[in-house]
Amino acid sequence: MLRKTPISNGALNVHDAGHGAPILFVHGFPLDHTMWRAQLDVFSQSHRVIAPDLRGFGQSAAAGPQASTIDAVRPLTMEGHADDLADLLDALEVHEPIVYCALSMGGYVGWQFLRKYPERVRALIQCDTRSSADNDMAAEVRRKMAAQVMDRGSTMVAEQMPTKLFAPETMTDRLAVVERVKQMILNTPAATIAAAQLGMAERPDMGDWLKTIRVPTLLVCGEHDALTTVEMMQADAARIPGSRLVIIPRAGHMAPMERPDAVNAAMREFLAGL
Ligand code: MLT
């Protein structure tokens, strides 16, 4: 089920289970494939579920030696991850178009994947993500955070980030989910966090491109998502022809982990209509 799969310039750790039409699950920042556990358990009954750790995250090694100072960190770009995913599908001999399902940073990668490899995508499920690029200030905040994490380690991010990721109810009632996310962050090397921040800071704005999307698209947004707000996702939904936006009550940015039943129901209905 879990296997290290060689790709160009490295290998990705990937959870690969079930049979049927393939769904590729792509995690957010700075997490790993286990964030999709509740979806993998359910959809492996009906589909082939493929959930990698992106390069440098989870159990997937970075390309080359880990940087020890910020000057040595090279950005992990969204396009680079998209190329890795295309390589991964080749390595797994997945030639039919996949359903691409992602959260946040995985969604930024998703726009690049669909742009570069349209023939590989049957449908798109984008959770708690957006098409816009960072403005100058947001990009600067990312660069500063990249430098700080190289000095202070992943603990800093594990302490600061969770409050922004969850709905208030999750922080009081679903502490196991909060703890799992903290552990994922702690397990992510500082150099990967820094490289991902630099990569996200330079990601392109995809707003105008959304109107060219020709595959069925489901957008999912936690009602309390503070990072990718309902308003942002409504604006993206309005640009993607024929897309549907489902808002998940009592969820924040980590909707698939916070309210898996509601997210899975939205996914099931969408997949049934393909
Ligand atoms: C994520 O969840 O992947 C991040 O919030 C993405 C970001 O930092 O923009």
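## Charge over a ring

In this predicted model, Arg-203 sits over the face of Tyr-108, at 4.0 Å from the ring centre.

## Aromatic pairs

The count of aromatic pairs comes to 4. One of them joins Phe-25 and Trp-36: the ring centres are 5.3 Å apart and the planes stand at 50°, so this pair is tilted.

Phe-25 and Trp-36 come from distant parts of the chain, 11 residues apart. Phe-25 belongs to strand E3 (residues 22-26), while Trp-36 is in the loop between E3 and helix H1 (37-43). Phe-25 has a relative accessible area of 0% and is therefore buried. Trp-36 also counts as buried, because its relative accessibility is 0%; the cut-off for buried is under 20%.

## The tryptophan pair

Trp-111 and Trp-209 have ring centres 6.3 Å apart and planes at 70°, so the pair is edge-to-face. The centre distance falls under the pairing rule, which asks for centres within 6.5 Å.

## A ring cluster

Tyr-100, Phe-113 and Tyr-117 form a cluster linked by ring pairs.

Technical notes:
Residues numbered from 1 in each chain as written. Predicted model: local features only at pLDDT ≥ 70, side-chain atom pairs only at ≥ 80, totals over all residues. Heavy atoms only, no water. Phe/Tyr/Trp six-rings, centres within 6.5 Å; stacked < 30°, edge-to-face > 60°. Helix = DSSP H or I, 4+ residues; strand = E, 2+ residues; numbered from the N terminus. Buried < 20%, exposed > 50% of the residue type's maximum accessible area, 1.4 Å probe, protein only. Lys NZ or Arg CZ within 6 Å of the ring centre and 35° of its normal.
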